[in-house]
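Here are my notes on one helix contact and on the aromatic rings. Please read them with the model open.

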Amino acid sequence: MRLGGRRESTNVDDRRKSGGAKAGLGIGGILLAAAIAYFSSGGNLGQAINAGFQAASSSSSTTSGSTYTPTAEEEELAKFTKQILAGTEDVWTDQFKQMGKTYHAPKLVMFHGAVSSACGNASSSTGPFYCSGDQTVYIDLEFFTTMKAQFGTAGDFAYAYVIAHEVGHHVQNELGILSQAHQQMAKSQERQSNQISVRLELQADFLAGVWAYQDNKMFNSLEAGDVEEGLAIASRIGDDYLQKRAQGYAVPETFNHGTSEQRSRWLKKGATGYSLSEANKAFELPYEQL
């Protein structure tokens, strides 16, 4: 990506050097985080997430007084993260203005090891997550190294996709979509709840693609191969791919993030200029047609 001279967001709280917080897994962990837990658990994706919740509940509340010194590479990732967040601010402010709405940008917390959020305590193993309780994206930048090791793919746009996906959940929150979906999930049986979750995740993938397309229109930010980086990581975080990798077969009724094909397709839709109104189809189409 071409980011030279781009501004850095000021909506960032850097907590990496402030020492440890309560250890545990937050309730906002997303696709990539669940995938990592999934690999280590050997079970299905839902079980991996539930195991994380149980671990959080039983974990001790000991804290560490040690400080952390980021590497030069991580400092570059911090700058990159701030620039991508700034890009999402610019794009979504403009998109909301076109809808006659006002966009309230999320905060982003960079942490190391563990962090406390309005959604609970989280450890690095949770991965990047969005907490609607405090309208904040949380990320341990070491996750990008883990992502490269676990999924065999990396690159600046792949990293940007992770951030833009989480901001996509904030956009859903701003539009009232997230709260409605969560209310429906709370009243639904597990299978239906999983399907609603898939719809949310595919829509967030689409919104990440919309950001990429609009950011490129504003700043000529995309280079050859960038979108392909995003599609590569999207194809490796589909529920079917992850389940087959861990246990040799997939269980569709347990999917809660979408298949590799779905995730890649919805990201590509947004990244290739589909109208923002296309996002509504994530909840309008019959589940089998997503």
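1. Terms. Axes are lines fitted to C-alpha atoms, for helices over the stretch in contact, and angles run from 0 to 180 degrees between N-to-C directions. Helices are DSSP runs (H or I, at least four residues), numbered from the N terminus.

2. Basis. This is a predicted model; local features need pLDDT of at least 70, side-chain atom pairs count only at pLDDT 80 or more, and totals for chains, interfaces and linings use all residues. Residues are numbered from 1 along each chain as its sequence is written, and side-chain values use heavy atoms, without hydrogens and water.

3. Helix packing. Helix 6 (residues 177-186) and helix 7 (residues 190-219) have axes that come within 9 Å and cross at roughly 165°. Helix 6 is therefore roughly antiparallel to helix 7 (angles over 145 degrees).

4. Contact residues. Helix 6 contributes Ile177, Leu178, Ala181, His182, Gln184 and Met185; helix 7 contributes Ser193, Ile196, Ser197, Leu200 and Gln203 (contact: heavy atoms within 4.5 Å).

5. Aromatic pairs. How many aromatic pairs does the structure hold? There are six. Rings of Phe, Tyr and Trp (its six-membered ring) pair if their centres lie within 6.5 Å, and planes under 30 degrees apart count as stacked. Phenylalanine 157 and tryptophan 211 are stacked, 6.5 Å centre to centre with 15° between the planes. This pair links helix 5 (residues 156-174), which holds phenylalanine 157, to helix 7, which holds tryptophan 211, 54 residues apart.

6. Burial. Phenylalanine 157 counts as buried, at 2% relative accessibility. Tryptophan 211 is also buried, at 1%. Buried means under 20% relative accessible area (1.4 Å probe, protein chains only).

7. Ring cluster. Phe143, Phe144 and Tyr159 are linked into a cluster by ring pairs.

Definitions and conventions. Helix = DSSP H or I, 4+ residues; strand = E, 2+ residues; numbered from the N terminus. Parallel < 35°, antiparallel > 145°, perpendicular 65-115°, else oblique. Phe/Tyr/Trp six-rings, centres within 6.5 Å; stacked < 30°, edge-to-face > 60°. Buried < 20%, exposed > 50% of the residue type's maximum accessible area, 1.4 Å probe, protein only.
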